[in-house]
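Subject: Structure handover

Hello,

Here is the structure for your files.

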Amino acid sequence: TDVADARLPDGADVNKALETLRSDSRVETADVTHVFSDPEPADASQTADVSTPPAAPETGRWKPNDPRYAEQWNFRMVNAEEAWEITKGKGAVVAVIDTGVAYKDTTKGKQAKDFADTRFVEGYDFVMGDALPNDDHGHGTHVAGTIAESTDNKEGVAGLAFESTIMPIKVLSASGGGSSANIAEAIRWAADHGANVINMSLGGPYPDRLMDAACSYAHKKGVTIVCAAGNSGREGVGYPAAYKDCIAVSAVGPAKKLSFYSSWGKQVAIAAPGGDKQQDPEHGGILQNTVMQDPNTGAMVDDYYAFQGTSMASPHVAAVAALVVSKGIKDPDDVRAILLKSAQPAGPKNKYGAGILDAAAASKLAANVYGDGVTRFWMVVGLFGGCYLIGRARRKSGNPGGYPFWGTTALAFGLLFPDWLTGYLGLTSQFNLIGHSILIPGALLLMGAGKEEKRMLGWMALGMTLHIGWEFMRGTAPIGFDASTWQLLPWVAGNTVIGLGILFSGLTAARD
């Protein structure tokens, strides 16, 4: 889909022009062009961090050998080391829609020194209209660094999803501003060119139809969109973060309290480390490598800078979304559900959303959700294969009984039907309850069932009961992903009792 800019003649009625365009069937939507910017707080540090880092606590887990990794308190807050035991983000593509990225040496800029091993795919510069989205500001490179700065290379600091791939897209100029038309076009471009996740650490106070439509387009194409909530320090989430298809991220500091500058409101989905130098004046920023313009010489300086802002919080969530994607969960609604379910409880929802980001819990949950479904599938394949071999051996020995094909089929149905339903409807659909509660109508059917039907219902109930217990024990039950364990326990116990009752009735009927 193309995005077109139109200039109205002096004195033209803007509202009438918009009404005409919106009524045209060839036009998806139309709006005036708005200006968006990187929402940095007024006192964000713009100087290289040269302070002595605090010692990182020993965890017994693998740590990258980057010499300044100890300063990344933010990664310890989200349990990065535990997450890295599960995944490092390989296979996920994250589009950084920002001021560009210092991703390689070109005629327009240079590669930042700690990005030599970072994976990149081709991006685009929507400001200049070419395929060289180099950073001439510094904001976008810093954001990209949190996601996938080169790691374990004995240089600088680490990235949270350092085996993921960055798609650099420039929509903001050297001054940090850009048009809603360019941003909307960039969102569609990223979705059309293979991005799994989009990070937008930018915003503005006004909604924009063009950008909202672009976010909906990307979401429908399977892209998870993560955005900074804004740095107003008061209630009111900015745009695009406030759109329904975006994950709005508020910021916390080293004390796990909402940062003084962070915007907040009902649209906030989750909180993440964004830095707060009021909570810790010396080490409260988010440290990453980027290029910054020297105000005296105008030259671009390549160094390590500690920034603070929801701009810094958002890429933490985008990085963990990449970790989730790398484990096979790609639907944006499912990615969102896993991020929110795994968050560390914090405080009021309008300030912290579901809680503070937890990379380890999200990665584990994603691995379990995907891995358990695959395991059950192969269990069923093995079940049918084993029954076939048993039946074949019986026939060779002169036993005409074969094997209970329909009973095996009923057991397989009980094991796999909920997986099929959640795959079709998504993890967060309320209709998943039907798939996991099929035992209840099964119990009702027993009243009028014959001997053969009871036996079938018994095997199906066994599969359903095993499925329910499995998912409950692993924490992967998709029924009401916001429900707590104590809320699910009566439901699981009730269905288990019903399932075992149906199984007993079926086995008893089989012996009669």
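Is Lys170 buried or exposed? Lys170 is buried, at a relative accessible area of 2%; buried means under 20% relative accessible area, exposed over 50%, and partly exposed in between (1.4 Å probe, protein chains only).

Before the rest, the basis of these notes. This is a predicted model, in which local features need pLDDT of at least 70 and side-chain atom pairs count only at pLDDT 80 or more, while totals for chains, interfaces and linings use all residues. Residues are numbered from 1 along each chain as its sequence is written, and side-chain values use heavy atoms, with hydrogens and water left out.

Salt bridges

The search of the whole structure gave 14 salt bridges, a salt bridge being a side-chain nitrogen of Lys or Arg within 4 Å of a carboxyl oxygen of Asp or Glu.

One of them joins Lys170 to Asp136, with 2.7 Å from N to O. Lys170 sits in strand β5 (residues 165-170) and Asp136 in the loop between β4 and α4 (139-148), so this pair ties together parts that are 34 residues apart in sequence. Helices (H or I, at least four residues) and strands (E, at least two) are DSSP runs, numbered from the N terminus.

Asp125 and Lys108 form another salt bridge, and their closest N and O atoms are 2.5 Å apart. Asp125 belongs to strand β4 (residues 124-125) and Lys108 to the loop between β2 (93-98) and β3 (119-120), so the pair links parts that are 17 residues apart in sequence. Asp125 is buried at 0% relative accessibility, whereas Lys108 is partly exposed at 30%.

Arg68 pairs with Glu71, with 2.6 Å between the closest N and O atoms. Both Arg68 and Glu71 are buried.

Leu323

Leu323 is in helix α7 (residues 310-326) and is buried, with a relative accessible area of 0%. What is Leu323 in contact with, apart from its neighbours within four places in sequence? Its partners are Ala83, Thr87, Lys88, Gly89, Leu160, Ala161, Ala359 and Ser363, where contact means heavy atoms within 4.5 Å. The C-alpha atoms of Leu323 and Trp84 are 9.0 Å apart, and these two residues are separated by 239 residues along the chain.

Regards
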